[in-house]
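Dear colleague,

Please find below the structure that I am handing over to you.

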Amino acid sequence: MKLIRKCLYCESELIGRTDKKFCDPQCKSAYQYKKSKEEPERFYNKVDNQLKLNRKILKKYNKGGKVTVRVNLLLEEGFNSNFFTHYWKNKKGDIYLFAYEYGFLKIKEKNIDKFVLITWQEFMAS
């Protein structure tokens, strides 16, 4: 009795090698794409995507090296202050959080939540 093997994607009969799983490269690609969409997004990808978005938003609003903006302005674009790559503490004790080379510090000014945005400087490394 001969066992009939079928393509994992389109289920057509496979001809050829005994370890063959797909009838052609298109079925293999379509199967892998479908499988990747069914699996939940990996935690690493979620974190990486949020860090990249945070950096993009900080870069957009920090054109001058140091600027103050309202928190809600950044939040509306998808900024999430819980995701950062590192921090820097200045001499006053303020802790700036960074998304790569763009930093932010949450402050309250006239009862309005704001972020002070800065860019990484060489002196911060020491």
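Phe79, Phe104 and Phe115 are linked into a cluster by ring pairs. Here, rings of Phe, Tyr and Trp (its six-membered ring) pair if their centres lie within 6.5 Å; planes under 30 degrees apart count as stacked, over 60 as edge-to-face and the rest as tilted. By this rule there are 7 aromatic pairs. One of them joins Phe22 and Tyr31: it is tilted, with 5.2 Å centre to centre and 55° between the planes. Phe22 is buried at a relative accessible area of 13%, while Tyr31 is partly exposed at 25%. Buried means under 20% relative accessible area, exposed over 50%, and partly exposed in between (1.4 Å probe, protein chains only).

Phe104 and Phe115, from the cluster, form an edge-to-face pair, 5.4 Å centre to centre and with 80° between the planes. Phe104 lies in strand E4 (residues 102–109) and Phe115 in strand E5 (residues 112–119), so the pair ties together parts that are 11 residues apart in sequence. Helices (H or I, at least four residues) and strands (E, at least two) are DSSP runs, numbered from the N terminus. Phe104 is buried, at 2% relative accessibility, and Phe115 is buried with a relative accessible area of 2%.

This is a predicted model, in which local features need pLDDT of at least 70 and side-chain atom pairs count only at pLDDT 80 or more, whereas totals for chains, interfaces and linings use all residues. Residues are numbered from 1 along each chain as its sequence is written, and side-chain values use heavy atoms, with hydrogens and water left out.

I turn now to the salt bridges. A salt bridge is a side-chain nitrogen of Lys or Arg within 4 Å of a carboxyl oxygen of Asp or Glu, and the count by this rule is 6. Among them is the bridge between Asp48 and Lys52, at 3.1 Å from N to O. Both residues belong to helix H2 (residues 43–61); they are separated by about one helical turn because they are 4 residues apart. Asp48 is buried at 17%, and Lys52 is partly exposed at 48%.

Which residue forms a salt bridge with Arg55? The partner is Glu101, with the closest N and O atoms 2.6 Å apart. This pair links distant parts of the chain, 46 residues apart: Glu101 is in the loop between strand E3 (95–99) and E4, and Arg55 is in helix H2.

Yours sincerely
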